[in-house]
Amino acid sequence: MRAIIVDDEPLLRFHLDKMLAECWPELDIVDKAGDGPSALTAVEQLGADIVFLDIRMPGMTGIEVAQKLNQLEQPPHIVFTTAFDEYAVQAFEQQAIDYLLKPLDEQRLLQTCQRIQQRQASPQTKPDYDLQALVTALDDKPQYLQWIKASKGESLELVAIDSVLAFVAEDKYTTVRSQQGDYVIRTPLKELLGQIQPGHFWQIHRSTLVKVNSIKRVNKNMLGKLTVELVDGSQYPVSRSANHFFKAM
């Protein structure tokens, strides 16, 4: 079988290509595209049995690409890739949609590949999922960060938001303190606050966001100033304007 990977993030295209080589060695990746028009051209010129398709892309979305692909006489199997949380994904699955949740999980990818192979054994002329239901689910569910691209030394890595303990602004950069170590991003805290699910992180200082469930204890000195200690032992001062977060503690 022949497949095309479509994602506007080169790093994600690279990771998915490598993971597919492990999960399904016989699958032929004939092209990797960074946008919707390029994907449609690749399918037309090269043909594809499967398209691994990002949903949120600038310009032409994955939904729009899928709608055009589904108009083909023999539409390919479409595997949506999405950064939505498990509840939105469950809604998609009710319509028998294949998907991969970012950051990509090898076991979940293996299940998807097995599902495609089963469908291939019983081919259908049209896909059995409802694109309009997917569009409705996407519109109704806010999109929050599930992973973040961050630098560590000379490498660029994907860090799951669930593993992040704190974000600390430092000059032109923001340090991402995670369970796997420290990383660096250029996104300012104000922008991060709009991308993170509300209530999961508290801004305890103008330069610091901490994950609520990573707080181990709150210490108070003789002058009444508070310091937050996280589960990894790191400590951060609490500004007076953020004291209200800890009144019940």
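Student: How much space lies in the largest cavity?

Tutor: The model is predicted, and every value here is computed from it. By the rule applied, the count comes to one cavity of 30 Å³ or more. The space in the largest cavity is about 50 Å³.

Student: Which element gives the most to the lining of the largest cavity?

Tutor: The lining consists of I5, V6, D7, L12, R13, L16, T81, K102 and L104. Two elements, β1 (2–6) and α1 (10–23), each supply at least two residues of that lining. With three residues, the element that gives the most is α1.

Student: How many residues of the lining of the largest cavity are nonpolar, polar and charged?

Tutor: The lining includes residues such as I5 and L104, and also D7, R13 and K102. By class, the lining of the largest cavity has five nonpolar, one polar and three charged residues.

Student: L16 of α1 also takes part in a helix contact. At what angle do α1 and α5 pack?

Tutor: Helix α5 covers residues 106–121, and its axis and that of α1 are 10 Å apart. The crossing of α1 past α5 is right-handed. The contact is made by L16, M19, L20, E22 and C23 of α1 and by E106, L109, L110 and C113 of α5. The packing angle is about 65 degrees.

Student: How many residues in the contact of α1 with α5 are charged?

Tutor: E22 of α1 and E106 of α5 are among the residues that make this contact. By class, the contact has seven nonpolar residues, no polar residues and, for charged residues, two.

Student: Is α2 roughly parallel or roughly antiparallel to α3?

Tutor: Helix α2 (residues 36–46) and helix α3 (residues 62–69) pack at about 25 degrees, with axes 10 Å apart. Angles under 35 degrees count as roughly parallel. Therefore the relation of α2 to α3 is roughly parallel.

Student: Which residues of α3 make the contact with α2?

Tutor: α2 passes α3 in a right-handed crossing. By class, their contact has four nonpolar, one polar and one charged residues. On α2 the contact is made by G36, L40 and V43, and on α3 by V65, K68 and L69.

Student: Turning to the largest pocket, which strand gives the most to its lining?

Tutor: The largest pocket holds about 550 Å³ of space. Its lining has 29 residues, of which E9, L145, W147, I148 and Q195 lie nearest the centre. β4 (77–82), β6 (147–152) and β10 (181–185) each supply at least two residues of the lining. With five residues, the strand that gives the most is β6.

Student: How many residues of the pocket lining are charged?

Tutor: The residues lining the largest pocket include 12 nonpolar and eight polar ones. The charged residues of that lining number nine.

Notes
Residues are numbered from 1 along each chain as its sequence is written. This is a predicted model: local features need pLDDT of at least 70, side-chain atom pairs count only at pLDDT 80 or more; totals for chains, interfaces and linings use all residues. Side-chain values use heavy atoms; hydrogens and water are left out. On a 1 Å grid over the protein atoms alone, a cavity is a set of points where a 1.4 Å probe fits but cannot get out, and a pocket is an open set with protein on both sides within 12 Å along at least five of seven lines; lining residues have an atom within 4 Å of a point. Grid points are joined across faces, edges and corners, and a volume is the space filled by probe spheres set on the points. Helices (H or I, at least four residues) and strands (E, at least two) are DSSP runs, numbered from the N terminus. Ala, Val, Leu, Ile, Met, Phe, Trp, Tyr, Cys and Pro count as nonpolar, Asp, Glu, Lys and Arg as charged, and the others, Gly among them, as polar. Axes are lines fitted to C-alpha atoms, for helices over the stretch in contact, and angles run from 0 to 180 degrees between N-to-C directions. Angles under 35 degrees count as roughly parallel, over 145 as roughly antiparallel, 65 to 115 as roughly perpendicular and the rest as oblique. A crossing is left-handed if the near helix is turned anticlockwise from the far one by less than a right angle, and right-handed if clockwise. Contact means heavy atoms within 4.5 Å.
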